Structure formats: structure tokens, C-alpha cells
Amino acid sequence: MSDIVIENVEKRFGETHALAGASLSASLGEIHAIVGENGSGKSTLAKVVAGVIVPDGGHVNVLGIHPKNPAEAIAHGITTIFQEIMVAEDLAVWENVFAGSDGLWRKHLSNKEKRRRSADLLARLTKSSVDVDARVATLPLSVKQWVVIARAILREPKVLVFDESSAALDLDATNRLHGEMRRLRDAGSCVMLVTHRIAELVNIADTATVLRDGKTVGRLSRGEITEDNIISLMSGADQTASSRTREKRVVSTAQKPVLAAKGVRLTPQSSAIDFHVNAGEVVGIAGLDGSGQSEFVRVLACIDKPASGEVSVTDNARDTRAIASLKEAEDAGITYVSGDRKREGIFANLSILENFGVALMDRVSGRGGIIDRASIATAYASETKRLGIKFGKVGDKIGTLSGGNQQKVLIARAFARSPRVIVLNDPARGVDIGTKQDLYKHLRDFAANGGAVIYLSSEIEEFFDFADRADVFVDGGLFASFEGEAINEENMLSAMFGRTGHVEFDLDDDGQPLGKEVA
């Protein structure tokens, strides 16, 4: 008999029918994936398991109880790591790891012991030394994610729900997380994984529940968990991975690059980077976490300044000039989309329409600073229709949307500015595969009409059918560049690990990639 049984649960949020008869069954000693498109109800279902959301109807039994709140769930060994990275920015790493854990042991632990345990656990998870006395605000996004994961693992849960909690991790870190999931499963825990990364769940899941429109449309066992089966169930159509084709384009290199970096150093010690993107070109940016790729795209968009070197643009008159500020970048037609929507994207207290419209305020403000809201509404309708996305009432707070749908608003907002160059920093975090493919198509259309795209992703498979060129970063510098058919898994993985040959990968007992160069 299953240890987790959810039958025909219903949940409404106003007019939104988030769960419309969803069912799930899972057991201890199992890795169980919950998958579906944005708005399919998978995160809502995970929150029912965690006691965060009490359904309007249906049957819930998780380890013999129906958790009505997170405290009750935690008390019974049910812990959740949510999509948004929940940390106290001004507290130390060790304080974040142990947040809410006092009282779990009979003997109260000293701060010294908490520091030691935090350091040991993070060293095991990250395979590196983390300064547990550092303020969390000083850490990169991926390390913050490890802090949240460590906090959950510290509780030694019987049921651990990962709600898109690998989205901030690169390939290497995700493999380590998979090793930890297997360790928990083999120790008798149930690991529930909510993810949009289909390749991830194909590799890790023992069983999978597929949702569509708030309903369970399929349950797959190990041998049935394939990309084609999942996409078919998610879409309700015979849409397979093999149907994805790449439109070959000839990108003109005769003109000056529309955006270029010359001699850019991310730190005084890192190597100099020369980079360019032409009109009509899609350039992918990749690298293992901490390799400098995220910092570099922020420099290209003038969000951050380099240690040295310059970024330049070429306008329609073929005049080239250096840019060094965010305003200069925006005036030059460069638009930036962050994957960290919580900190750099959404305004949580504003509506969906207001979040979309903030990027257009300078264009729709009339005399006396009066905002033309009708123009914003018209632009919103146009962009959401063009991107093929649908939301509820535009006056609802943006927080009522799923994380993936919030990201769609940010992408629509970027396109509404009619940019010449769009710089995207892991924009598809938390976005389902159908929406990703729509985004790729829109970006290809944008490039075909003369736009330039710079697209950073932690998922290298995003580049295979999409990018004209893929640049790989290692140790804060540009290590390798691939074009056309050379953009493949073998080349990309080899370069990301600092190798120029073909590399075969296996995993050790901790889920750490083992690589050997092949002549």
C-alpha cells in the first residue's frame, strides 16, 4: 500500500481552478516526479502534500495524516523546498541552515556545533568549502539554493518535496543533487520532485505523475518515463521530441557586430574576453556554476561593470560607441531578462498589468507625468497574444501566477520595448517545455527580423536546436565556441569541464560526474 495517497483533490483560487481532480500515489523508498506545463497544478499539488495548501475537496493521506499546515507536516517528517529561494539575506549561512531547527534534538546545540554541522553538510553537498559565517546576501544564487537544500536535509525527512529546487543549479551541481536524492531514497525516504527539466526526471525518477489543467492524465513507471511519453501526456497531443527541428539561417558577418566586448575582465585576475553578436544571430552562453557566464551577460547588459575592458554597440548608422551604464544600454536598445525573477524581475505588490507596464513608463507618460494606461493595456494584449500566453485578470497581483507564468510576464515586458538586442540570463527557469519551445520560436523570429539574442542557460540541451553559436565559460573566461552541428552534448560537456576532447561521464556514489578524456 502506498504511503502517500491523494485522490481527486480540488482547489480553487478565485476563478482559477488550480486542481480539478488530481490524484497521486507514492511510497517511501521512491523518487516520484510531478510534471506538467505551467499552470497545470503541479506546485499546488506539492503544497497539498506539504500542508501549505488545504484542498477544497478530495482525499489526502500523507504518512497517515492529512497535514493542515507546514508545522504539522514538519512534525510528521514532511519537508518541502520551494521554487523561490527562501533565505534570510542578513543572517549568516549557518543561521539559515539551522533556521527553524531548534528543538529537533533533545540537547540544544551550541552555535559552535551548528557552525560545524553546517560546514560539514555544505561541504558534502557542494564538494567545496563554504564560509558558514558569511552573510547569505553575499552568496551567488546557486549557493543560496544549497543553503536551502541543506536546511531541509538537516531535518532527515521521511518525505522531501523538491519544488523546482534545482532550477538555480548547473549540470555539475544537479548531478550532485541527484546523488543526494538517491541517498535519501535508499535510506527509506520518499523524494518528490516537481520539475520542468524533463531530461532530469528521465534520469532520476522511479515513477512520475503527469498533470494537465489541474487533472492527473498519466502515471509512468521507470521504463515508461521518456521525453516523448511525457510531452505527449502534457500536451494532450502526439508531440514528440523528435519533431523539434532547427531552422538553419545564414547570419551576415559583413556588418559590424551590433554588440561587442573588448578586453573585458570580470575580475583583475581573470582572462580578457573578446565577444560579439551580429544582427540576426542567436548566441548561447554556458558554463558550470561559478565560471563567470552569469557575470558576463550582466556586464553585456551594463547591469554590472567589468574590472576592465569595454562594451560597445553599433547603431543603425554603423557608428560604434562604448556604453557603460544601464541607461546607455537601454537607450541603445539592449534589454535584459533575469532568471532571478524574485529579486530582479517582479514587483510582488503590483498587478500583472503593472508589472508588464513598468518597462514602458517612459514611453507612455504624457504631460504632467500622467500614464496612458490604455496604451499599456494595448501593448500587453499584443505581446501576450504574440507569445501565445494567457493569464487571468490583469488586475490580479502577479503573485497569484505560477513562477513560470511570472517569468512569461517578464519576457513579454522585454519584447514590448522593441529591443535591438535581448540579453536573457537563464530565462527559462521554472518554465515548462511547451512554453520554452514557444519562446525559442519567438526569439528565432526576432533574430530573423534583424534582432540579436544572447541567451544564457544552465541546460545545455536548450542550445542544440536553437543557437547559431554557443560560447562556453571556464574560470571566468571564454574557453570555447561552437557553431552549427558542433553545438552538441559531447563538445559542450567537454568544454565546460575545461577539456577539448570528447569526455565520457559516469557518476560516483555521491552523484559526482566522473570524466575521462577520450582521444
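Which residues form one aromatic cluster here? Y440, Y455, F463 and F466 do, and we'll come back to two of them below.

First, some ground rules. This is a predicted model, where local features need pLDDT of at least 70, side-chain atom pairs count only at pLDDT 80 or more, and totals for chains, interfaces and linings use all residues. Residues are numbered from 1 along each chain as its sequence is written, and side-chain values use heavy atoms, with hydrogens and water left out.

**The overall picture**

The protein chain has 18 helices and 21 strands. These are DSSP runs numbered from the N terminus: helices are H or I with at least four residues, strands are E with at least two. Of its 519 residues, 53% count as buried (under 20% relative accessible area; exposed is over 50% and partly exposed lies in between, with a 1.4 Å probe and protein chains only). Now take contacts, meaning heavy atoms within 4.5 Å: among those between residues at least 6 apart in sequence, 65% join residues at least 24 apart.

**Strands and the sheet**

Strands of a sheet pair through backbone hydrogen bonds, either parallel or antiparallel. Here, two strands pair if DSSP finds at least two bridges between them. Six strands make an open sheet with mixed pairing, in the order β5-β6-β7-β3-β8-β9. Its edge strands, β5 (78-81) and β9 (215-221), each pair on one side only. From one strand to the next, the twist averages 15 degrees.

Inside this sheet, β3 and β7 run parallel, and A33 has L193 in β7 as its bridge partner. E7 has H59 in β4 as its bridge partner, while F13 stands opposite T16 in β2. Here are the three pairings side by side:

| Strand | Partner | Sense | Bridges |
|---|---|---|---|
| β3 (residues 30-36) | β7 (residues 190-194) | parallel | five bridges |
| β1 (residues 4-13) | β4 (residues 57-62) | antiparallel | five bridges |
| β1 | β2 (residues 16-26) | antiparallel | eight bridges |

**Helices**

Helix α8 (residues 227-235) lies across β3, β8 (207-212) and β9, and runs at about 25 degrees to β8. Axes are lines fitted to C-alpha atoms, for helices over the stretch in contact, and angles run from 0 to 180 degrees between N-to-C directions.

Two helices also pack on each other: α4 (residues 111-126) and α6 (residues 171-186) meet at about 115 degrees, their axes 8 Å apart. So α4 is roughly perpendicular to α6 (65 to 115 degrees; under 35 is roughly parallel, over 145 roughly antiparallel and the rest oblique).

**Aromatic pairs**

The structure holds seven aromatic pairs. Rings of Phe, Tyr and Trp (its six-membered ring) pair if their centres lie within 6.5 Å; planes under 30 degrees apart count as stacked, over 60 as edge-to-face and the rest as tilted. One of the pairs is F415 with F446, edge-to-face at 5.8 Å centre to centre and 75 degrees between the planes. It links distant parts of the chain, with F415 in helix α15 (residues 403-416) and F446 in helix α16 (residues 433-448), 31 residues apart. F415 counts as buried because its relative accessibility is 3%, and F446 is buried too, at 14%.

Y455 and F466 form an edge-to-face pair as well, at 5.2 Å centre to centre and 80 degrees between the planes. Y455 lies in strand β17 (residues 452-456) and F466 in the loop between α17 (461-464) and β18 (469-474), so the pair ties together parts 11 residues apart in sequence. Both Y455 and F466 are buried.
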